[in-house]
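Q: I am new to this structure and would like to go through it piece by piece. Could we begin with the ligand and what surrounds it?

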Amino acid sequence: MSISPQGAWEPPQSQPYRPMPVIRDAGEMLMHRRKILLAGGSVGFVPTMGALHEGHASLIRQALLENNHVFVSIYVNPTQFGANEDLSTYPRTWEADMKLLKELNDECVAEAASDSPLRSYRREISAVFAPTTDTMYPNLPPSSDPSGHGSFVTITPLSSVLEGAIRPTFFRGVATVCMKLFNIMTPRRVYFGQKDIQQTVIIRRMVEDFHLGIDVKIVPTVRGSDGLAMSSRNVYLGTRRRKTATWLYRALKLGEEQYRNSARTRRDILFPTLNLLNGTALDQDQNQDPTDKACFEIEYISLADPDTLEEVEEVDEERGAILSGAIRMLPLLASKPGEDCGVGEGKSAVRIIDNVILEPLVESE
Ligand code: AMP
């Protein structure tokens, strides 16, 4: 094995890439990491809950561009699911996930064999970490009860607003599992999707406050051709609710357009956004045909500071802002024969979250 002048692995062209190891044990993962560290390889880490789609793939591709080794974790973390949430029914698609990861690795092998300037670096998904809950929570059973016992990481007040106001222990669960995973993986860089923007703000704060020395990279949201942000939970929507759900992003884009057209105040940015969304909700409510309507509730529309997540009255051009929202697609009341109502026959509510970043317009001094 040779090392390039930049210290990166050079893949001997005749040597096939090793199969992607699936590691379930934290000790084994730490050993694997240590070997890579001693050999000088950089590690990028992509935490996921599985049910992988193109959104996850885009994070992994970005990580493969920037690191020699990419670790992907697949773990449905119980402490971030509230008592009435979908932990037991969260989609689990192990075979398809492994197929996608293998395809992403094959893309890298193809790249290594091509004339790409990146070909001299060894780049691969070199571990899939899929721990059990006993591994991740070795002492007490995982609790998502606000007063439950356990070792938790809490990042306040960021975790109490927006999504955190609706799902009180969600970010305690996210921060806790990420801290555990970061300690096991000790990555140089971690990759998160803009789609879950509050999560990215909280992880950045956690990394800074606990001096973890990790680069937090944010990858743009990947969308379907209809504009809906990809999400593992979209399979529950079905065709009718999916079509209506796309209005959240359209409404946020309208707010962004106001900003681009010089609107700066909360009123000028949020009024058209809320107007469009309220009008869509009303149209659905007033539709008399239960086999045709897809009703939803608006949970929040927020215009917030990008670091503190405090609501702003006026966007500071040096800081920009985050325009985000959440709607709750309600269960279908009735269906047409043969209609695709999604996994679960449209019987459960589905939350849709989305955001646009209002970029700073002037550089801060
Ligand atoms: P999850 O498996 O839902 O926990 O997501 C794992 C990571 O993938 C998180 O950082 C998400 O923000 C990211 N992600 C999920 N959906 C998308 C998407 N549509 N575009 C970009 N990133 C995404």
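Q: Which helix gives the largest share of the shell around the ligand?
A: That is α2, with three residues. Helices here are DSSP runs of H or I with at least four residues, strands are runs of E with at least two, and both are numbered from the N terminus. The model is predicted: local features need pLDDT of at least 70, side-chain atom pairs count only at pLDDT 80 or more, and totals for chains, interfaces and linings use all residues. Residues are numbered from 1 along each chain as its sequence is written, and side-chain values use heavy atoms, with hydrogens and water left out.

Q: Which elements each supply at least two residues of that shell?
A: β4, α2 (54–66) and β7 do.

Q: And which residues come nearest to the ligand?
A: Met49, His56, Asp196, Val222 and Met230 come nearest, out of 17 residues around the ligand. A residue counts as near if one of its heavy atoms lies within 4 Å.

Q: How much of the ligand does the protein bury?
A: The protein buries 93% of the 490 Å² that the ligand exposes when taken alone. The areas come from the Shrake-Rupley method with a 1.4 Å probe.

Q: Changing topic, what is the strand order in the sheet?
A: The open sheet has six strands in the order β3-β6-β5-β4-β7-β8, with parallel pairing. Two strands pair if DSSP finds at least two bridges between them. The edge strands, β3 (22–23) and β8 (215–219), each pair on one side only.

Q: How many bridges join β7 to β8?
A: Five bridges join β7 (residues 189–193) to β8. In β8, Val219 is the bridge partner of Gly193.

Q: Which helix touches both of those strands?
A: Helix α7 (residues 197–209) packs on the sheet and touches β7 and β8, contact being heavy atoms within 4.5 Å.

Q: What follows in the loop between α7 and β8?
A: His211 is located there. His211 has a positive phi of about 50 degrees, although it is not a glycine.

Q: Where is the cis peptide bond?
A: The cis bond joins Thr156 and Pro157, with omega about 0 degrees. Pro157 is in the loop between α4 (133–136) and α5 (163–166).

Notes. Axes are lines fitted to C-alpha atoms, for helices over the stretch in contact, and angles run from 0 to 180 degrees between N-to-C directions.
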